[in-house]
Each structure stands twice: as C-alpha cells, then as structure tokens.
Amino acid sequence: MAIAFRFGLGLGFCASLLVGILAVVLAAGGGDGESFLLRRYFLFLILGVGVVSSALLYMLPRKRAGGAEIDQPAPGESLPKKTKRDCSISVEGPSEMEEENGQANGIKVETDGSNPAEIDEDLHSRQLAVYGRETMRRLFASNVLVSGLQGLGAEIAKNLVLAGVKSITLHDEGEVELWDLSGSFFFSEEDVGKNRALACVVKLQELNNAVIVSTLSGPLSKEQLSNFQAVVFTDVSLEKAIEYNDYCHNHQPPICFIRSEVRGLFGSAFCDFGPEFTVFDVDGEEPHTGIIESISNDNPAVIYCVEDERLEFQDGDLVTFSEVEGMTELNDGKPRKIKNARAYSFTLDEDATKFGAYKRGGIVTQVKEPKVLKFKPLRDALRDPGEFLLSDFSKFDRPPLLHLAFQALDKFRHDIGRFPVAGSEDDAQQLFAFAVSINEGLGDNKMDEIDKKILQHFASGSRAVLNPMAAMFGGIVGQEVVKACSGKFHPLFQFFYFDSLESLPVEPLVPSDLKPLNCRYDAQISVFGSKLQKKLEESKVFVVGSGALGCEFLKNLALMGVCCSQKGKLTITDDDVIEKSNLSRQFLFRDWNIGQAKSTVAAAAAMSINPSLHIEALQNRASPETENVFDDAFWESLDAIINALDNVTARMYIDGRCLYFQKPLLESGTLGTKCNTQMVIPHLTENYGASRDPPEKQAPMCTVHSFPHNIDHCLTWARSEFEGLLEKTPNEVNTFLSNPGAYATAMRNAGDAQARDLLERVLECLDKERCETFQDCITWARLRFEDYFSNRVKQLTFTFPEDASTSSGAPFWSAPKRFPRPLQFSSRDPSHLQFIMAAAILRAETFGISIPEWAKNPKKLADAVDKVVAPDFQPKSGVKIVTDEKATNLSTASIDDSDVINDLIARLEECAKKLPPGFRMKPIQFEKDDDTNYHMDFITGLANMRARNYSIPEVDKLKAKFIAGRIIPAIATSTAMATGLVCLELYKVLAGGHKLEDYRNTFANLALPLFSMAEPVPPKTIKHRDMSWTVWDRWIVKGDFTLRELLQWIKEKGLCAYSISCGTSLLYNSMFPKHKDRMDRKIVDLVKEIAKVEVPPYRGHVDVVVACEDEEDGSDVDIPLVSIYFR
C-alpha cells in the first residue's frame, strides 16, 4: 500500500516534469505545422500520464497512521469544489470550509460519535499528552496553506505535517537557487532550477502519509484561500498581504491569517484570526484543585485547604465544589468567584451564613473559561500595532524599530525591485531613508529616534533566510497554526519581532568578506562573512543524543555547514533505537527505520541534507563506563558540546566533563509547549549543575498503599504492583532456581523482614499460586481482584472504622484521607472483566502458558470467571497498617524473622522438587508503547478499580499511560524553536571573543505565548589573598609529586591542607596518625592502591580533592580540583 502510494506520487511528479518540458517546447516553437504537431503530441503524453497517476491515487484508500481511511466520494457524488491548481501532486486538495454547525472557529469536529477521526496513539502519544484528543481531532480536520517555501516555510510545513493536519498545500512561484540551500533541508543541489513547492513535496510527504500534501506553483488568488482554515505567508509583499488578509478577515467564517518573515538575524510574525476568535484553553494546564479542610459560615466564606500542596488559584478565578459534606449548597456545580487567594486558603465571594454547617470532605476545582479575542486586520494593525510581544527586556525599545524596518524593507523591494546588497552602504542608506519617510507618517506612533546602525545590519543581511532563525520562527508559527485550527492555547496577539544581532562576530565585517562564493552557504556568508563560515566548517562538535532535539540539531548543523570540511568533525552518540512513537517528532526517521540505531540513521539522514558533513555516529552512552571511548584526547579536541538529552543524570555527567576540560556546553530541553536553553561558557557563565530544580514531591508510601486521594497515587501503586508481580517476583524465582543453595545462604545472611517478604512471594508463586493452565491464570486473576479491591479494603475499614479517631481525638478519616468501600465483583461489569483478561493473559505469559483464542471473547471469559469461587473473608484484629508518612518500608520486623526465614527456605526447597526439570519463569518488563501487550490494560484496570474503592475519578488508558509510563509531553514546534535558539548561540561560541552580555539563556512557553531571554549568570568567584578562581578552574601540578611535596606546594599558597581524597577514598587526613606514614609516597601510587583507580595508558594525570583552611585565621577555603601530571 505504502509503495503503491509513493509510486502514485512518482507518476504525478513525472507529469509535473513533463509540464516543464512542454513549456520549453511551446516557448521555442514557431508557426510551422511540424512544431505544432510536436507540441500537440507532448500535450497528449502529459494528459495520459496525468490520468493514470490520478486514477491510481484515486483508487487507493488513504489512511491515517492509525488506520482510519479517508473516505472517497460515492459513485455519482462530486468531489468537493476546488480551485484550479497548477502542477498539483495530489488529486484531492482541501475541501470547502465545513458548515458552522458543530464547528469551533470554523473547524468541524464530529460531536455525535459518527466517524470520528482515528488517532494512532502509538504514533502520537507524546503529542496527545500536550494537546488531548479533541485538539488532535480538530487538527485532523484542518486544511492549511503555506505560501513561500524557503527555509521558514519549509520549517513550518514540516512541523504541521508532523502534527498531523488533514491537508497542507504548498505554494511558491519561485525556483530553487543555490542561495536557498543553507536555509531549507528539503532542497539539494539537484533541485536548483525546480519550483520550490514541487521540490519539497515528496520529502514532506514521507514525514506523514496520513497528511494530504499538494502544491500550487502559479499565482494565488484570494478566492482560493476559502479552501483553508489557516493560511501562512512567509514571502509576500505587504500590499498583497493586506489584500489576502482583508479577504480572510471578512470571510465567513474567518480564515486565520499569519504572515511571518525571516530576514538575516531579524524575524517577524503577525497573526489575525478574525473579528472574534474563541480560545477554549488559554494555557493547556490541568485545572488546579485543592482538598478542603474547613469552610466558615461567614460573609464572605473563608475556605482552608489541607497543606498537602500549595494552591495555584489567583484572585478572580472561578471554582466549583464537589463532595462537600454538611455545606451541600456548594455542590451545585455553579462556578463561584474567589478572592484573597493564599497558599492554602481563599475567600469565596459569597454569603455562606445561611448554608449548612461544614462537616468534612470536599474538592475545589478551578473552572477554565473560554476567552474571546478580537483581532485587527493587518492594514489597521500596521498603523496601530498595540502592545508588541517582548522576548528580551534588554531590548525594550527594539520592536517599534523593527516594525518600521520591515515596512521599509518592503518599500525598498517594491521600489528598487531587489533586496539590499550585503555590505552596501548605499542600499543601507536608501532603506534608512524609506524608514524615515514611513516614520513621518505614523502620527502619534512616530518614533523619536531611529537607530541607523541597527537598520544597516538589517539591510545588509535582509536577503538571507538563516536556518537557526527559520527553525525558531518555524516552531513559533507552526504552533500558531495549531492554535488557529483548534482554539487550544492563547494566540500571538498580534505582532512579534525578534533579532539576534549579538550573534554577529565581534570583529567588524568588511563588504569583501560578505560577497557570495557561489556555494550553498552564500546566504549565511552574506550575514556572518566567509571567515566565520570557515570556522564553522572546521569545527569539532559533539552532539549527545539523537532523539527529537538531536534530529533538529543535526539538520541545523548540516545546513549551517558546521563540521562540513575534512578538518571538522561532528560526533553524535545515542544508545537508543527508533520506536514508532518517535516518528511524530524525530523527523529524520521513517517507519522503515523502526528498530534501527538512532544515531546511525540520523547521521545518514543529515549527510543526505549536506553530503559534505563529516560525521561519526556512535551507539555509546556517554558515562563513566565509556571514558575509554570518550577519552581525554577526544574531549580536548572539541570546540563545543551540544546536549540533546532527556534526563538530568546524563546532563550532569556531560556538564562535569565540560567543566573538567573547560569546553562550552549548549544545553536545552523541552516539556510540551515549554522549552529552555542554557549557555555554559568556560569562565563566563555558571555551569549547568550550579542551579538545580527542586526534587519532585513524592507521595508518602502509606498514602500510595492505603490512603490514596488522587489518581496519581492509584497509578503509582498499580505500576508498583505490575513490577512486583510480573517482573521482580519471576526474577526472584529464577534466581532461586538457578542456585538454590546460594540463594538460601543470602536470605539467611540478610535475616530481615525484606528477606522474609521475598521468600514468601517466591513460595507463593511456586506453590499456592502456581499456574499450569489458562484456567489457573483466570482463577489467580479473580482472586487477586478479590484481595485487592475487597478484602484489603474490608481489613482497612475494620482496623480504622469510619468513625475512628487519632490519638489527639481528631477524626482519622479527615482530609486528605478518603474512606474506601469494597467492590463486589461482577462478570457483567466490562471494567471488571477487562482487568481479569489483562491479568490472566500476563500471568500466563510469565508461566509460559499458551493463551486460548476464547480468552479475548468477553462472553466465554465471563463464563470461565464465574466458575471461580472466592472464599469469604473475615477481617482480623491486631493487623498493623502503616500510617506514618515518613515510613520508607511497609514490611514490619519481628523477633522471629530468622526462624520464619529458615522455615520458608525449607518449604521452598521441597516445592522446587515438584517443578518440571529446567522450569523457569518469564519476567515481563513494563513497555508502555505497545498497546497489544496488555501492560497498560492491567495497570489501568488496577488503578481504576482502586480509584473506584476510594471514589476517585477514573481515567482512560491513554491518560493512565501518560502518568504510569511517565511520558514526557513533547511536540515538534517547541523542539524546533529550542534548537534554533541554541544554534544562534553556537555562532557566538564558534566565532569566539564574545562577552557574557552577548549570550542569552531562554525560557519560552508557546502556549501563552511567553518568551523570556536573559544574560547567563556568571560563575561564583572565590578569592584568597591575591588569588581568585571559579568552578571552571583546575590547579595543575606538573611532576610525580609525593604527598609531602603536594602539601608543601599548597602551603606555598598560604593554605593548609588537612584532607586529600580521590573519589570516595581518603588518601590523607591530618587527624589520622597512620596517614603520616604515607608522606613520602607518590600520589599516583596512593590513588592506585587506596582508591583502586586504574590509570589507563592514555591518561598522564590523576585528580584529587583537597580540603584546605587559611593558614592565618583557620577558615575553610574551597579550592579547585588539583590535577597531578605525573607523566
């Protein structure tokens, strides 16, 4: 199917080529009959190929990745009305805008359950975690136009295809030039001379076969815009943009209009989503909630919540109440306004004096209200732009200047017919004159002073579309299109301007250095000069990770020409393989790459973008264990390190290596719509590890196991039970069976409650609960249900009845505790049966039992479950249930643990004799991204049944996967923006000579949208006498020093060393008399003998940590790491 689909595209492409040939023939032909005949034959040939191509494509059902077919018209039905297209690759363009009924901002979504758009949750799981199903369905119904396919348009299109819009139409009347190759990853040198839209379409289609990709290569009429819900223009004159925007603004329903430009190191974006645009969710955050502790019968009422978690409410928020006992008037679902919001309390703007007296319980939940935005059309917004969205507060006055500059550039292009020439003083002066003229006509919005130097830079680089700028704005604009199509998140309102002039080299650029060299980097050279281009090509860069960030970085570096000479080298490493869920963001991978090494595939894809890229792909995790691969020589050779990691541990390790070898580190990360970048520059900035996020708050063990009060607690418990039952216990069984004697000895030596619990689980698994048939597995699952959701609850409520009190006399079951109720099993309850099915199938898998076909038939499964008789349960007195929130272990020690352990071992050894020869269990490792393996079915069932016990709202499998699978929300737009920002900093790093104030750290949230850029924080400086140092410094001792010699070397600096260590081993401490015997021994020998450090042949030094105090006043002084070069 996929091959046929690509073949159909190929035929369409042939037809497009023949159109070009026809144009040449027609242009060359004279008036004679022979040439006319030749032209006619060409015309018939094109028509024939076009018909075959269209028929083939039309007959093939096209599917979304999840398998939902896109319906074809029934016989006799006409295709949706379409505007005439030039060189269209696909036969089916965007349909007319749907009827307003059932629409949101003009986007139709199925609300009656009939034929909803299918979502491939395996592919889009990370994106679903950001958008949710409703937003994804709206995207699937959206038709988008992207006009202008240079670097910015290509980036926007890429992000939208990955997001999964219904269709995208590419429009560009221009041809690919060599100049374009540094901005767009879709173009190669073979594409020079082809239409830009046509050159993009095949590669773009490969990213997502579910999206209909078509092209327009001729003039675009405003009437054609009615086929789209959103239109984006990246290279259109202001006059034409106003014409298109007026049409879109006045259309019914309005068509969302976006105009964005990248001109050298300057960028702009403008949004107009119509006279009234409804935003359904302004920030994408979950509604904030609180657990109520008390409510006063006052006017106004004061509500106190438990100090379990700080409230995130703000004055003016609307909230609803539920589960309130006593003051039941609040449970009516009516939104109520709050004020005086504090960390754990707020005031209700309502008189509660006549309400019932509060007893207990209650949940307060924030109500998120839709917001209606009234956009101005472009012609009005140009004159009265309102407030600009700021990104850098050190450039507070920059947006009004850039607002003027972009209009002046449009005037220059209109009047002169070209872009200003890079380095041309005359052209810069002309653009400045246009800016002055436009400014004079602005009336009250007139600028008092125009910065001529900034306009000179703007004019000089205005023709270039730089890849980092295109990546950044491609992410921003791509997200704005998603907002336009879905109403999710707050749109950009309405202008955004940005520049990165700090990225320019410190040395002044001369016009001769900006001249084109007739190479693929000419656009970049026109901004930065050929000297910096040579530095980029000869640099040595290490990219750590080739996932979503890594793919974007490789694409950016290839286009920028980084490491693209034989003197340069790009090393990339990643120990992971490609999974299906990667494909919605990690755009260098295709479905046929699933299971292959990420770094190898990504490197090959990057080389196809720029064949000159000198790259080596490794599959090693950068860690202490691989320092033989990433050795000292490797680190010392590097010019920059770019992190593309997804965990703090790895980031901390790389940060430590960069500190040690004094190398610049460019750090970034994303979380849904949020992203951050951090520049770690030797001796200029603090390192990554200097500031850490506070650790995530963990729920107490007793809360998770006995007193859950939210679904997260239930899912944490469910994940723990999954691992215990299906992975840890089978592993423990196999450990015992592999060597019973050694296992028994280990358990006896441990002799504690944990060893006792392990033995009990192993014995239970091999004795009472051993399964030999699938019916045994069903019995086990049914009895587990009874134990988890009935017996344990009965025991808990027997030990702590509903009216129980604490030692202080307060009600035991007070907030946040929720009183549970046992479940009564019913095979007629689909959720009960689903749990049994998943549990039995997984249990059978661990025992190697084949699963019968009827196991997945609800009726037959119900019949089998009904045969199981669950024994009656009687709660016992004296059962201890842990309630201490500080407890870290639920096992309770007893004085006879050793006797019990001996008895359990004896019983276990007897049990082992009854097992078949060679018996082993098959442990199951949790895998969240395979919906056919029943892992998430089992965890979801466990969590939801437990939630039902405690009257906690249940969740579907997808939501359970996000929480239990600890899925990090991720989308292509924020990833693209983050990498674009980092690569703007890379220019500075590789150029060298930049000051601290030139660098930028960024935090951004595309949902709001919010951009916050600031200078990095300098490192902390420590001073002692006439010396000073930072975390970046290392003291070098050259010579094979003894301990005495090292102490003397430090003493000469006015310091007294009282302790010397290597790793976790103490080499010397002044308080230990025996350590004086080591004074005349070589440091390197002490390191090898005491610290057990193997010094490899390639390393000529050892590192020690020295604790010192001032010789005069005895105060502690933190000194740098000391490296002793003994070779």
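How close do the axes of helix α13 (residues 530–537) and helix α28 (residues 972–991) come, and at what angle do they cross? The two axes come within 10 Å and cross at roughly 95°. Helices α13 and α28 are therefore roughly perpendicular to each other (65 to 115 degrees counts as roughly perpendicular).

The model is predicted, and local features need pLDDT of at least 70, side-chain atom pairs count only at pLDDT 80 or more, and totals for chains, interfaces and linings use all residues. Residues are numbered from 1 along each chain as its sequence is written, and side-chain values use heavy atoms, with hydrogens and water left out.

**Helix contacts**

Where α13 meets α28, Leu532, Lys535 and Leu536 face Tyr987, Leu990 and Ala991 (contact means heavy atoms within 4.5 Å). This contact comprises five nonpolar residues, no polar ones and one charged residue.

A second pair is formed by α8 (residues 398–416) and α10 (residues 452–460), whose axes come within 11 Å and cross at roughly 45°. That angle makes α8 oblique to α10, and the crossing is right-handed. From α8, Arg398, Leu401, Ala405, Phe406 and Leu409 meet Ile454, Leu455 and Phe458 of α10. By class, the contact of α8 with α10 has seven nonpolar, no polar and one charged residues.

**Cavities**

Helix α8 also contributes four residues to the lining of the largest cavity, the largest share. The whole structure holds eight cavities of 30 Å³ or more, and the largest has a volume of about 120 Å³. A cavity is a set of points on a 1 Å grid where a 1.4 Å probe fits but cannot get out, and lining residues have an atom within 4 Å of a point. Of the 14 lining residues of the largest cavity, Arg259, Glu261, Ser268, Phe495 and Tyr497 are the closest to its centre. Two or more lining residues come from each of β9 (256–263), β10 (266–272), α7 (378–383), α8 and β19 (495–499). The lining divides into eight nonpolar, three polar and three charged residues.

**Backbone features**

Most residues other than glycine have a negative phi, and most peptide bonds are trans.

| Cis peptide bond | Omega | Loop holding the proline |
|---|---|---|
| Gln252 to Pro253 | about -10° | between α6 (238–250) and β9 |
| Leu1008 to Pro1009 | near -20° | between β26 (1001–1005) and β27 (1010–1014) |

Asn518 has a positive phi of about 55° although it is not a glycine. Asn518 lies in the loop between β19 and α12 (522–528).

Technical notes
Axes are lines fitted to C-alpha atoms, for helices over the stretch in contact, and angles run from 0 to 180 degrees between N-to-C directions. Angles under 35 degrees count as roughly parallel, over 145 as roughly antiparallel, 65 to 115 as roughly perpendicular and the rest as oblique. A crossing is left-handed if the near helix is turned anticlockwise from the far one by less than a right angle, and right-handed if clockwise. Ala, Val, Leu, Ile, Met, Phe, Trp, Tyr, Cys and Pro count as nonpolar, Asp, Glu, Lys and Arg as charged, and the others, Gly among them, as polar. On a 1 Å grid over the protein atoms alone, a cavity is a set of points where a 1.4 Å probe fits but cannot get out, and a pocket is an open set with protein on both sides within 12 Å along at least five of seven lines; lining residues have an atom within 4 Å of a point. Grid points are joined across faces, edges and corners, and a volume is the space filled by probe spheres set on the points.
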